[in-house]
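Student: Hi, could you walk me through this model? I'd like to go piece by piece.

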Amino acid sequence: VYKRQVQGSLASAVAELRQIHGQDIYLLPMSGTSCGGGIFQAPEPSHPPGTVIGLRFDPPATPRVTLDAVPNLVGVELDQIVIDVQTQRVVAGAAITLGQLNQALAQQLGHNFKVPGADLTSYLYAAVGATFMTGGMGPQRRYFSDSVVEAAIFDGDAIRGIIGEDLQGYAGSYGWSGIVTAVRCAYYRFPDNEVAFALPVSNHPDDIARLLDRLSAYCYLELDRNGVSSAANQDDLILGLEHVSTSSMRPLLRAVGKNPMAGRARDLQQKCDAANADGLIFVNGFSQRSIDEFLTDMCDEHRAGEFTIAGVALEHAEVFTDPEEMRALREAIPYEARVQTPSGRLVYKNHSDANVRISADAVFRCVRQIWHVNRNYVDTVERYFDANPDIDGEILVYGHLNPYGIDPHNRVTMSSDDEAAFGRARKFLVEQRARYYRDLDTLCQTGDAVFIGGEKTADSEIAIFQALGGPDKSPPALFRRFQRQQATIGAAAAML
């Protein structure tokens with residue numbers, strides 16, 4: 001097994017590797033921080049064992065950015081960004097990060113020009129090629145691949161341009177269909193002012209549903225060449241509604257001295273205590289107006305000096321003058337939950353990942369039902385942990401509440417020194433998450449919501465398929481994506 005950092009042209013790098021190692025090489029696309037796909041070349045039975053080569057696509061320190069007519073994608077190198085202002089398209093080589101992509105647009109055109117779906121919390125290191133292949137959503141609840149209008153794919157022999165409906169078979173296929181070398185994306189102009197604030201909230205289903213129903217009109221966006229607008233107001237948008245429970249903040253609060261966001265988390269915890277709230281919703285968006293005007297427009301009818309949004313008092317709201325600070329704080333909460341070290345010898349972790357897209361006219365009812373389903377799942381797991389002293393476990397609730405793609409991430413961490421107790425607990429946790437997925441599927445069968453799958457696409461959807469009895473028994477939108485990916489991967493294997 002070898003590793004090779006790839007720069008410039010992938011096709012040239014592979015040709016060089018074949019000269020060194022022979023024709024039978026199997027390529028594992030990687031980034032500096034994570035795998036960007038899977039081994040996509042399967043050996044024929046008659047072939048000798050091949051050499052596995054991990055290809056690293058490290059982001060360039062300084063991308064090459066130009067304003068020009070968008071070139072033929074096949075010839076774009078890994079560190080290039082080309083912006084075509086006439087067609088509102090931007091091309092990026094596969095090693096470019098999501099942050100570098102939007103930063104180039106900001107520097108060349110203005111801070112409010114962005115590619116929708118490029119707002120993953122991992123934007124500082126997530127590369128455009130790997131993100132296209134692995135899925136991933138940010139607060140907007142849009143796949144980055146939905147903004148990709150063309151991709152250049154290396155299929156083991158040559159780089160080929162893929163456009164139109166064919167893209168859906170490659171997106172989220174984890175590299176089994178080839179390696180992305182470049183993407184062409186649509187970008188749009190958002191309103192001038194970015195707004196960011198946090199609201200202490202009650203986690204009761206009625207309260208969450210009432211708040212999301214009030215904010216939902218700002219969340220359903222219209223993407224147009226002239227700009228991005230919402231149903232509520234031409235120039236007021238909400239991109240993200242990111243939820244955390246106060247219990248999910250505990251790992252970060254324990255990280256005082258290690259995580260710079262711990263102090264800010266303590267400040268927000270105090271605001272939740274003062275508001276008698278057991279959760280927070282981080283809201284980010286854009287407006288042509290100031291944050292004060294933006295908030296006032298959302299408010300209920302009020303008496304002098306009392307401002308509320310769907311009954312949630314603004315007295316304890318936290319306005320962030322720097323949206324990046326809010327993003328860093330929101331990401332620090334799940335990060336510390338993921339990396340905490342359990343006490344037991346045997347460790348098991350999982351989290352739920354299932355996006356539900358709600359019809360704009362059914363937000364209150366559907367959110368209320370989803371939150372009841374979620375509460376039932378969480379309560380069941382907590383009761384099991386309480387009843388089994390041989391198990392050290394917790395379930396932390398945080399996730400995404402934009403009704404364009406609601407996806408609570410219920411993160412389970414469990415450990416034990418008792419092997420039998422550990423085995424029973426692990427089986428129980430897998431069964432309960434499967435039941436949770438089935439309950440969401442039942443909810444979506446009413447027709448007012450669509451089960452669109454995991455934000456991590458195939459990686460999460462394996463567990464969803466297992467819970468629902470197989471891909472053919474999955475919701476229509478999810479099954480169609482599976483069929484497209486299956487056909488594309490099958491055709492890719494046939495070419496090699």
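Student: What does helix H1 lie across?

Tutor: Helix H1 (residues 10-21) lies across E8, E9 and strand E10 (179-186), and runs at about 15 degrees to E8. Helices (H or I, at least four residues) and strands (E, at least two) are DSSP runs, numbered from the N terminus. Axes are lines fitted to C-alpha atoms, for helices over the stretch in contact, and angles run from 0 to 180 degrees between N-to-C directions. Contact here means heavy atoms within 4.5 Å.

Student: Before I go on, what should I keep in mind about the model?

Tutor: This is a predicted model, in which local features need pLDDT of at least 70 and side-chain atom pairs count only at pLDDT 80 or more, while totals for chains, interfaces and linings use all residues. Residues are numbered from 1 along each chain as its sequence is written, and side-chain values use heavy atoms, with hydrogens and water left out.

Student: Thanks! Which helix touches E4?

Tutor: Helix H2 (residues 98-108) packs on the sheet and touches E4, strand E5 (80-84) and strand E6 (89-93). The direction of H2 makes about 45 degrees with that of E5.

Student: And what is the strand order in that open sheet of six?

Tutor: The order is E4-E5-E6-E10-E8-E9, and the pairing is mixed. Two strands pair if DSSP finds at least two bridges between them. Strand E4 (64-67) and strand E9 (159-163) are the edge strands, each pairing on one side only. On average, neighbouring strands of this sheet are turned by 15 degrees against each other, direction ignored.

Student: How many bridges join E8 and E9?

Tutor: Five bridges, with strand E8 (residues 148-154) and E9 paired in the antiparallel sense. In that pairing, Ala 151 stands opposite Ile 162 in E9.

Student: Which residues does Leu 167 touch?

Tutor: Not counting residues up to four places away in sequence, Leu 167 touches Phe 132, Val 148, Val 149, Glu 150, Ala 151 and Ile 162. The C-alpha atoms of Leu 167 and Ala 151 are separated by 7.4 Å, and the two residues are 16 apart along the chain. Leu 167 itself belongs to helix H4 (residues 167-170).

Student: Is Leu 167 buried or exposed?

Tutor: Leu 167 is buried, with a relative accessible area of 5%. Buried means under 20% relative accessible area, exposed over 50%, and partly exposed in between (1.4 Å probe, protein chains only).

Student: Switching topic: what is the order of the seven strands in the other open sheet?

Tutor: That sheet runs E19-E12-E16-E15-E22-E23-E20, with antiparallel pairing. Strand E19 (318-319) and strand E20 (346-351) stand at the edges with a single partner strand each, so one side of each is left without a neighbour in the sheet.

Student: What about E12, how many of its nine residues are buried?

Tutor: Seven of the nine are buried, so E12 is largely enclosed by the rest of the structure. E12 pairs with E16 in the antiparallel sense over nine bridges, and Val 195 stands opposite Gly 285 in E16. Two bridges join E12 to E19, and these strands run antiparallel. The bridge partner of Phe 197 in E19 is Val 319.

Student: And what does E15 pair with?

Tutor: Strand E15 (residues 236-245) pairs with strand E16 (residues 279-287) in the antiparallel sense over nine bridges. There, Leu 241 stands opposite Val 283 in E16. Helix H8 (residues 291-298) packs on the sheet, touching E12, E15, E16 and E19, and its direction makes about 50 degrees with that of E12. Helix H7 (residues 262-275) lies across strand E12 (193-201), E16 and E19, at about 110 degrees to E16.

Student: Nice. Which residues touch the most other members of the largest nonpolar core?

Tutor: In that core of 68 residues, they are Leu 211, Leu 212, Ile 238, Leu 241, Ile 281 and Ile 358. Another core, of 52 residues, lies apart from it, including Ala 13, Leu 78, Val 91 and Val 180. A nonpolar core is a set of buried Ala, Val, Leu, Ile, Met, Phe, Trp, Tyr and Cys residues joined through side-chain atoms within 4.5 Å.

Student: Last one: at what angle do H11 and H12 pack?

Tutor: Helix H11 (residues 419-444) and helix H12 (residues 458-468) pack at about 80 degrees, with their axes 9 Å apart. That makes H11 roughly perpendicular to H12; angles under 35 degrees count as roughly parallel, over 145 as roughly antiparallel, 65 to 115 as roughly perpendicular and the rest as oblique.
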